[in-house]
Amino acid sequence: DTDRSRGLGDVYKRQEILTYMEQHYTEEISIEKIAEICHYSPSHFMKFFKNHMGTSFIKYLNDFRLIKARTRILTTEESILEIAGDCGFNNLSHFNRQYKKKYGITPSMTRGV
């Protein structure tokens, strides 16, 4: 049954993408790089991801990074700058904007500073 085996292949491919993202979210992950890992062209990868995850890869990756960052802001004394960098944001003001857009408050407000 080719539809079923294709469906199973899609599940494995999706798992491969999410596992790679979890292991490398602290690094820069370009669409080209993640597409290459899947043996897809960048445009096919973006379409595949959006169809299977309901959002773009970049948005999903940024949300994942923001969740990781928020957990560390709440559970460590590390500086916001260090956390942002460790979570794959190489620009603090971009991190602050993205964080506020997602959570409605700034990273320092989260910590109560």
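Guide: Contact here means heavy atoms within 4.5 Å, and the model to which we apply this is a predicted one.

Visitor: With that cut-off, which residues does Met21 touch, not counting residues up to four places away in sequence?
Guide: Met21, which is found in helix α1 (residues 2-24), touches Ile29, Phe57, Tyr60, Leu61 and Phe64 once those sequence neighbours are set aside. For one of these, Phe57, the C-alpha atom is separated from that of Met21 by 9.8 Å, although the two residues are 36 residues apart along the chain.

Visitor: Why does Met21 count as buried?
Guide: Buried means under 20% relative accessible area, and Met21 has 1% relative accessibility, so Met21 counts as buried.

Visitor: How do you know that the span of helix α6 agrees with its number of residues?
Guide: At 1.5 Å a residue, the 12 residues of α6 (residues 92-103) should span 16 Å, and the C-alpha atoms at its ends are 16 Å apart, so the two values agree.

Visitor: Which residues of α6 are buried, and why are they said to lie on the same side?
Guide: Phe95, Gln98 and Tyr99 are the buried ones, and they cover an arc of only 100 degrees around the axis, which puts them on the same side of α6. These buried residues pack against α4 (57-75), α5 (80-86) and α7 (107-111), whereas the face turned away from the buried side carries the exposed residues Arg97 and Lys101.

Visitor: What makes a set of residues a nonpolar core, and which have the most contacts inside the largest one?
Guide: The members must be buried residues of the nonpolar kinds listed for a core, such as Ile or Phe, joined through side-chain atoms within 4.5 Å. The largest such core has 26 residues, and those with the most contacts inside it are Ile17, Ile34, Phe45, Phe57 and Phe95. At least two residues of this core come from each of α1, α2 (31-38), α3, α4, α5 and α6, with the largest share, 6 residues, supplied by α4.

Notes
Residues are numbered from 1 along each chain as its sequence is written. This is a predicted model: local features need pLDDT of at least 70, side-chain atom pairs count only at pLDDT 80 or more; totals for chains, interfaces and linings use all residues. Side-chain values use heavy atoms; hydrogens and water are left out. Helices (H or I, at least four residues) and strands (E, at least two) are DSSP runs, numbered from the N terminus. The expected span of a helix is 1.5 Å times one less than its number of residues. Buried means under 20% relative accessible area, exposed over 50%, partly exposed in between (1.4 Å probe, protein chains only). The arc is that of the directions from the helix axis to the C-beta atoms.
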